[in-house]
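Open the model in your viewer and keep the selection panel at hand. The tour moves from stop to stop.

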Amino acid sequence: MTRKVVAIAGIAALMAGLALARGKKGEAEPVVPPAPEVVTEAPPPPPPPAPPLFPDGVPAHIDSLPPGLSSLSAQGCNACHYAAHETWSQSRHANAWSSPTFQTALHAAGDSTLCLGCHLPLASQHDQLAVSYVDGDSSRPVMQENSSFDLGLRGEGVTCAACHVRDGVVVGSREAPQAPHPVRVSTELRSPDFCATCHQLSWPGADKPYYDTWGEWKASRWAGAGVGCVDCHMAPVAGVLLPGSDGTVPSHGFKNSAARGISVLVRTASAVAQRGQPLQVTVTTQNTGAGHAFPTGNPNKAYTIEVQPLDSAGKALAPSFPISFARTVESTAPYRTLSDTRLAPGAERVDSHSFTLSSKGAAGQGVLELRLLSSLGGAPTILQRIPMEFR
């Protein structure tokens with residue numbers, strides 16, 4: 001639309017100039033040049049609609065237990081839904097409250113209710129609840145003691161009932177006529193809008209959402225193709241074989257390797273490098289598998305690809321070359337963006353570096369190693385080890 005409007009404006013200006021030139025004989029009026037083309041970025045996607053199954057936001061108030069359930073604890077689900085429970089118990093959802101990383105970030109953010117609502121999505125997980133906000137400011141809550149507080153349930157973080165218990169029934173993705181409790185089938189569980197409840201967060205006064213995973217996905221080709229969050233993050237695993245089922249359940253571990261989301265292409269002038277001479281390496285990183293930015297979510301999460309030539313014994317022949325993918329924000333609210341080197345869905349980035357190889361050591365075989373490191377810790381992921389000869 002922008003290009004069409006600019007083109008029409010340019011034609012109109014040109015016609016006006018010609019008309020002036022013809023207005024007076026013998027007087028050549030200058031032709032008005034076309035207006036320069038203005039290139040604008042695509043507008044951001046609209047905010048997500050009211051979250052399905054969370055019409056009042058988080059934390060959710062569960063007022064009645066479905067018949068057949070003794071409590072809201074995940075322990076009661078484990079007997080029958082052991083496959084889902086097993087993967088969930090090792091997930092970040094289960095550790096959403098107990099994680100030391102989260103606890104540190106929570107205190108740095110002033111124990112914000114914006115954080116607590118998603119990391120403890122049930123009202124009974126809170127010892128205090130916000131009853132109002134001073135001047136409507138979400139960072140200034142008025143708190144009140146919660147008589148239904150359950151300490152044990154709080155330790156379960158994003159527990160089963162947070163997504164699967166509503167209005168006195170268990171909400172599921174398929175019918176279960178033989179279940180010992182009432183089940184209501186809901187397509188909302190598979191909706192990215194449901195995930196947006198917690199994976200999309202706008203801090204008042206910020207230049208962009210603090211968490212923009214849903215927005216990044218909504219603007220991507222993945223959304224256009226109908227590929228949603230569950231398709232990638234809840235792949236089927238073996239479960240209980242029930243009537244009408246294929247014996248699989250969606251994984252609740254939400255584990256997806258970051259290395260699956262990117263393609264890393266490496267080029268050098270030759271597979272043979274001379275010691276004491278520069279080795280030019282070009283690395284192209286493409287976001288080919290993530291339906292959102294790489295990385296997405298918490299700005300504290302960043303990835304670095306390290307490139308380094310190693311000899312046959314694994315000894316470094318030159319210092320590593322780091323390629324960082326991160327969004328940095330201000331240290332205090334509203335956390336405005338300072339820099340952003342992440343990859344949008346489908347985007348690519350090209351980085352080049354000239355290594356000066358150590359002249360010490362004998363000629364021989366080695367590798368050019370590429371490894372992926374997370375700012376959240378853990379062992380590096382080896383992306384590639386490309387054989388090379390060093391002379």
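Helices here are DSSP runs of H or I with at least four residues, numbered from the N terminus. The model is a predicted one.

Start with Ser73. Ser73 sits in the loop that links helix H1 (2–23) to H2. Its relative accessible area is 13%, and buried means under 20%, so Ser73 counts as buried. Show its surroundings next. Beyond its neighbours within four places in sequence, Ser73 contacts Leu153 and Glu156.

**Helix H2.** Select residues 82–89, which make up helix H2. Which residues of H2 are buried? They are Ala83, Ala84, His85 and Trp88.

**The five-stranded sheet.** Move on to the open sheet of five strands, ordered E11-E19-E18-E13-E14. Pairing in this sheet is mixed. Its edges are strand E11 (272–273) and strand E14 (321–325), each of which pairs on one side only. Then zoom in on strand E18 (residues 364–374) and strand E19 (residues 381–390). How many bridges join E18 to E19? Nine, and the two strands run antiparallel. Pick out Leu372, which stands opposite Thr381 in E19.

**A surface patch.** Finish with Val131, Val134 and Val142. Together these form a nonpolar patch on the surface, with about 200 Å² of accessible area. Val142 belongs to strand E2 (residues 141–145). Val142 is partly exposed, at a relative accessible area of 35%.

Notes
Residues numbered from 1 in each chain as written. Predicted model: local features only at pLDDT ≥ 70, side-chain atom pairs only at ≥ 80, totals over all residues. Heavy atoms only, no water. Buried < 20%, exposed > 50% of the residue type's maximum accessible area, 1.4 Å probe, protein only. Pairing = 2+ DSSP bridges. Patch = residues over 30% accessible without salt bridge, like charges linked within 9 Å, V, L, I, M, F, W, Y side chains within 5 Å. Areas by Shrake-Rupley, 256 points an atom, 1.4 Å probe, with all protein chains shown as cover. Salt bridge = Lys/Arg side-chain N within 4 Å of Asp/Glu carboxyl O. Contact = heavy atoms within 4.5 Å.
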